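Open the structure in your viewer and keep the selection tool at hand. The stops below go from one selection to the next.

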Amino acid sequence: MKQKKLLYAGKAKTVYRTDTKGKLIVEFRDDITAFDGGKKDVLKNKGSYNAEVSAFFFGYLAENGVKTHFVKMLDPRHMVVHELSMIPLEVIVRNIAAGSIVRNYPFKEGSKLNPPVIVIDYKDDSRHDPMLNDDLIVALGLCTPAELKKIKKIALEVNRLLVKLLAAQGITLVDFKIEFGRKGKTICLGDEISMDSMRLWDKKTGESLDKDVYRFNKGDVMATYNTVAARIVHAKKRP
Ligand code: 5GP
């Protein structure tokens, strides 16, 4: 498969057309950003760690009946995906209160959210990804009520599967963000699922194993990503 013209360059990934209709190549770059791009760095090999973890999660989810855009890896940082018409929503599932909901609402950091809480933000950096509600999502024409119901159902199923997988590796899935798109009329999981888009806490020590290490200068980001990728991907125990 040949890489063709650039379609889209985001903060950490670049998407290219290919010589195959309906297939795109996503390049996971080494750029890392936080706080709406206010903090930026390039960390060698970060892209390949995120690509590896994303590919592993997409494979695991597909084995368990979740439709995703993932096709295959071309090399450690280039992923072939089905082209989706992306829906500009950031669907966040929270099992434990942390991050913005602790800043914005009277939740105590670390408190359990049972049942999990779904928060949906509008993916628009220029507006700082404002939180939406169901009525706004439909009024903005972002998706139909039936699609929204499906998106929430898939998000909770992804959460159930990832919680189980990560718990077996001694990792607590605090929260994560996923994005969806349409392939024809089918809603599929797109984008990535990696240390950049999740909060992971070590079950024993409580230490952060994700982008919070970068956001809040908690330690060596690449050493963390390296260890977490190995812990997740090369895990012997699969639930
Ligand atoms: P929070 O709303 O607490 O900042 O984020 C909740 C979860 O969603 C965290 O795991 C965070 O990494 C992820 N998340 C929220 N917004 C974004 C975003 O714009 N990009 C990425 N990669 N992850 C996000």
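Predicted model: local features only at pLDDT ≥ 70, side-chain atom pairs only at ≥ 80, totals over all residues.

Residues are numbered from 1 along each chain as its sequence is written, and side-chain values use heavy atoms, with hydrogens and water left out.

**The ligand**

Strands are DSSP runs of E, at least two residues long, and helices are runs of H or I, at least four long, numbered from the N terminus.

Next, look at polar side-chain atoms facing oxygen atoms of the ligand. For R94 the distance from an N or O atom of the side chain to a ligand oxygen is 2.7 Å, for R215 a polar side-chain atom lies 3.0 Å from one, and for E90 the distance is 3.1 Å. The protein buries 83% of the 500 Å² that the ligand exposes when taken alone (accessible areas by the Shrake-Rupley method with a 1.4 Å probe).

**The second largest pocket**

Select G65, V66, K67, A146, K149, K150, K153, I154, E157, T186 and I187, which line the second largest pocket. A pocket is an open set of points on a 1 Å grid over the protein atoms alone, where a 1.4 Å probe fits, with protein on both sides within 12 Å along at least five of seven lines; lining residues have an atom within 4 Å of a point. Its volume, the space filled by probe spheres set on the points, is about 240 Å³.

α4 (145–167) and β13 (186–189) each supply at least two lining residues, and α4 gives the most, with six. Because domain 1 (3–82) and domain 2 (85–220) both give residues to the lining, the pocket lies between them; the bounds come from an automatic or database domain assignment.

**Two backbone stops**

Go to P115 in strand β10 (residues 112–122). The peptide bond from N114 to P115 is cis, with omega near 10°.

Finish at D36, in the loop between β4 (31–34) and β5 (39–42). Its phi is near 55°, a positive value in a residue other than glycine.

Key. Polar contact = N/O pair within 3.5 Å; in protein donor to acceptor, adjacent residues only side chain to side chain.
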